[in-house]
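This report describes selected features of one protein chain. The sequence and structure are shown first, and the description follows.

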Amino acid sequence: MGLIRAEDLPAPLRRALPRAAPYLTDDNLAALTGNWQAWVVLGPTHVLKAPKTLAESAAAIRRQRDEAGRPDLDSDSFARSLAEAYEHGCGLIRHSAAPPKLFGDPIFLGEGCYVQTRVRPVRVILHSEADRSLWPALIAGCVNAMTRLWRWGLHETSLNFTGNFGLATDGTVVLMDFGELTSDRQEVAQALERELWRHSWSATRDLTPEQRDIYFRCAESAFTRDKLERVWLSASRSA
């Protein structure tokens, strides 16, 4: 993977680079990637993220909506909702009492930009790991990571753990993307009642049948109203 030049980065990322030092410098930027919400610059040990403009987000949505199974998606209105969700999620993380380690020790730089420890995406591991004996522990760790956030009143709404979570070098499952978070317990309860975890992108598009069976077994016992009531904001009750 060749190095990229700082001058080739989108403007918010260029402005954030001086503030991202010493985590990233313009001579060790490995790649520029992104999703519908944000640009991502990959460095050796950290990543730098910045929100896309509405036009950039809408263009990305139009390119990929067929692949996502949503060909009729209104790209402009959805881009606006994604921008709002990104800002909301970053705000929840900034003000959360949860250990920063669970989010890759993010450092917020302004303009929606932040630096985060680079982790290995769960999708990459599951797609490349031939040793099936390792799958159950990783998938169970992802389910635990999602319900662990409940202790601080947070929930990752998409439940796309293969794309939004990664594995740190110490074995911690880390939330990589902050753009799909809620602190509304009632919203979470309704999602559990509808068993949305069965219908996420990860469950329906990103797992092999064997991996899906492992996930469903873990999720069925974890994503319950009883556990939500016991765990939600329990960190503050035990403080």
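## Cavity, sheet and hairpin

Asn35, Gln37, Ala38, Lys49, Tyr86, Tyr114, Asp177, Phe178 and Gly179 form the lining of the largest cavity. The model is a predicted one, and the structure contains 1 cavity of 30 Å³ or more. The space within the largest cavity amounts to about 60 Å³. By residue class, its lining comprises 4 nonpolar, 3 polar and 2 charged residues. Lys49 and Asp177 belong to this lining and count as charged, because Lys and Asp are both placed in that class. Tyr86, Tyr114, Ala38 and Phe178 are likewise lining residues; they count as nonpolar because that class includes Ala, Phe and Tyr.

Three strands make up an open sheet in the order β6-β8-β9, and their pairing is antiparallel. At the edges of this sheet lie β6 (120-121) and β9 (173-175), each of which pairs on one side only. Helix α5 (residues 135-148) packs on the sheet, where it touches β8 and β9. The direction of α5 makes about 45 degrees with that of β9. Between β6 and strand β8 (residues 165-167) there are 2 bridges, in the antiparallel sense. Within this pairing, Arg120 has Leu167 of β8 as its bridge partner.

A further antiparallel pair consists of strand β4 (residues 107-110) and strand β5 (residues 113-117), joined by 3 bridges. Gly110 stands opposite Cys113 in β5. The hairpin of β4 and β5 has 2 residues between the strands, and Glu111 in this hairpin adopts a positive phi near 55 degrees.

| Residue | Location | Phi | Relative accessibility |
|---|---|---|---|
| Asp105 | loop between α3 (75-95) and β4 | about 50 degrees | 42% |

Terms used: Residues numbered from 1 in each chain as written. Predicted model: local features only at pLDDT ≥ 70, side-chain atom pairs only at ≥ 80, totals over all residues. Heavy atoms only, no water. Pairing = 2+ DSSP bridges. Helix = DSSP H or I, 4+ residues; strand = E, 2+ residues; numbered from the N terminus. Contact = heavy atoms within 4.5 Å. Axes fitted to C-alpha atoms, helices over the stretch in contact; angles between N-to-C directions. 1 Å grid on protein atoms, 1.4 Å probe; cavity = no way out; pocket = protein on both sides within 12 Å on 5 of 7 lines; lining within 4 Å. Points joined across faces, edges and corners; volume = space filled by probe spheres on them. Buried < 20%, exposed > 50% of the residue type's maximum accessible area, 1.4 Å probe, protein only.
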